[in-house]
Every structure is written in structure tokens, then in C-alpha cells.
Amino acid sequence: KQSKNVVCCSKSIYDKMKKDYPNKNFKYIQNGVDTKFFKALEKEEKDIKKINIKFNLQDKIFICTNSFIPRKRIEETIKIFNLIEEENKKLLLLGDGLEFEKIKSNYENYKDIFFMGKTNKILDYLQISDYFISSSESEGLPNAVLEALSCEVPVILSDIVQHKEIENEIKNIGIIYKLGCPEEIVKKYVKVGSEQYKIYKDNTKKIQESVFTMKKMS
């Protein structure tokens, strides 16, 4: 309340704050990702890394790097993964948080779900992944999504305004579903053939020229 200038990390937060506090001076500077660090690998390099991390080449890797806290809705992410019909699918859950032990105990018998915990190898896991999932119900502007896109990983995202803000800037980068309705994914996912997936993947490259880079943010 005492600040002369309030800077929001996304346009969607800016819009909300302007509505709630019309007399304040707000600006927004959207979060940006280090595109030189978070980068994709060529197919041959990706295959080698996949084998080194002890996965098979035919495995389809889904990943979530969100914290294990209520608003990130990790169990909804798990439900989405379980609803997707895909042979050799694997879900990598990176990070920790208040709900980590509880959720891990609920699903530790699932052979295709891997609880990686807190790790400094996020880049390695993103580089071998095929889809990034976020079921979050609230964000500022999610760096985790930007990092995935920078590694050319298509996304499956809940329809919150911050996710839509990214999708409006870089269109056709994956699947948007209604928060709380993971069943929507089944209908949408089955329509994604290899050609559509290639379009998603190609479009992720557009982040390099978007407003969501570290250089643009700076």
C-alpha cells in the first residue's frame, strides 16, 4: 500500500490488481526464461540421455515440476496421466512440498509414476520429456511452463488465466483443459496424432522470439 509503483509478474495479475485497486500505479513485467540454459536436444542426444537416465527409447515421458502444495493440484495431474491411454507411458514428478509424503504414499505402488523429489537435474528430465503437465489452480506467471516450452516440450495445462496468457502469446503449444475436469483430456488427447504433436513441438520454439525470455524481461 505504501509503494508508489507496483510491478506484476504477468498481465493477468496486472488486470486483476488494476480492477481491485483502480487508483494505484501498476505496471507488469512478464516472467522470462533463460532460453540459452533451458534448451532442447537433437533426437540422437535425447535418445542417449534417455537411456542414460534408465528409460527405454519407446517410453513416452510426461513430466510435472510443480511443488507438492494444494494449489498445484498434483493429484489432478496424476489423474490426467492415468486417464491417458498410451503404451509405455511414464510420469516424472519433480519437487517436494507439504503434500509430498502423503501423495507419494497414495501412489507409490504405481510402477509408471516416479517421485523424483527435489533435484538439480530438472533440465535433464525436461530434455527427455514428451509432455509437461500443470493442473495448477493459481499462478503468477509459471516459470515451470516457460522452462518446458524452452526445452520444446508441448504442454497439458489447466485453463487458468495465467496459462492462457502464455497460450495466447504462443499459440497451439498443447492441450488446455478445464480445471477440475481431467476427463476432458481423454477426448482431446486421442485426437493428437503425430502430425498435430509435431505442430505443438514446432510452435514451442516461438518462445525464443516471445515476451517470455529472460532477455526481454531484463
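Phenylalanine 62 is buried, with a relative accessible area of 0%, where buried means under 20% relative accessible area, exposed over 50% and partly exposed in between (1.4 Å probe, protein chains only). The model is a predicted one, in which local features need pLDDT of at least 70 and side-chain atom pairs count only at pLDDT 80 or more, while totals for chains, interfaces and linings use all residues. Residues are numbered from 1 along each chain as its sequence is written, and side-chain values use heavy atoms, with hydrogens and water left out.

Aromatic pairs were searched for in the whole structure, and 12 were found. Rings of Phe, Tyr and Trp (its six-membered ring) pair if their centres lie within 6.5 Å; planes under 30 degrees apart count as stacked, over 60 as edge-to-face and the rest as tilted. The pair of phenylalanine 62 and tyrosine 189 is tilted, because the ring centres are 6.3 Å apart and the planes stand at 45°. Phenylalanine 62 belongs to strand β3 (residues 60-64) and tyrosine 189 to helix α8 (residues 184-190), so the pair ties together parts that are 127 residues apart in sequence. Helices (H or I, at least four residues) and strands (E, at least two) are DSSP runs, numbered from the N terminus. Tyrosine 189 is buried, with a relative accessible area of 8%.

Phenylalanine 100 and phenylalanine 115 form an edge-to-face aromatic pair, with 6.1 Å from centre to centre and 85° between the planes. Phenylalanine 100 lies in helix α4 (residues 100-107) and phenylalanine 115 in strand β5 (residues 113-117), so this pair ties together parts that are 15 residues apart in sequence. Both phenylalanine 100 and phenylalanine 115 are buried.

A cluster linked by ring pairs consists of Phe62, Phe81, Tyr131, Tyr189 and Tyr197. Two rings of this cluster also have a lysine over them: lysine 60 lies over the face of tyrosine 197, at 5.7 Å from the ring centre, and the charged end of lysine 89 sits over the ring of phenylalanine 81, 4.6 Å from its centre. A charge sits over a ring if NZ of Lys or CZ of Arg is within 6 Å of the ring centre and within 35 degrees of the ring normal.

A nonpolar core is a set of buried Ala, Val, Leu, Ile, Met, Phe, Trp, Tyr and Cys residues joined through side-chain atoms within 4.5 Å. The largest such core has 27 residues, of which Phe132 and Ile166 touch the most other members. Two or more residues come from each of β3, β4 (89-94), α5 (122-127), α6 (143-150) and β7. Helix α6 gives the most to this core, with five residues. Another core, of 25 residues, lies apart from it and has Ile78, Phe81, Ile103 and Tyr197 among its members.

Leucine 149 is found in helix α6 and is buried, with a relative accessible area of 1%. The C-alpha atoms of leucine 149 and lysine 206 are 8.9 Å apart in space, while the two residues are 57 apart in sequence.

Strand β7 (residues 155-158) and strand β8 (residues 174-177) run parallel and are joined by four bridges; two strands pair if DSSP finds at least two bridges between them. Valine 155 stands opposite glycine 174 in β8. Together with helix α7 (residues 161-169), β7 and β8 make a right-handed β-α-β unit. A crossover is right-handed if, with the strands pointing away from the viewer, the path from the first strand over the helix to the second runs clockwise.

Asparagine 172, in the loop between α7 and β8, has a positive phi of about 60° although it is not a glycine. At 32% relative accessibility, asparagine 172 is partly exposed. Lysine 54 is likewise not a glycine and has a positive phi of about 80°. Lysine 54 is placed in the loop between α2 (43-52) and β3 and is exposed, with a relative accessible area of 73%. Most residues other than glycine have a negative phi.

The count of disulfides, defined as pairs of cysteine sulfur atoms within 2.5 Å, comes to zero. The closest cysteine sulfur to that of cysteine 8 is in cysteine 9, at 7.4 Å, too far for a bond. Cysteine 8 is buried, with a relative accessible area of 6%. Cysteine 151 is in no disulfide either, and the nearest cysteine sulfur, that of cysteine 64, is 15 Å away. Cysteine 151 counts as buried, at 4% relative accessibility.
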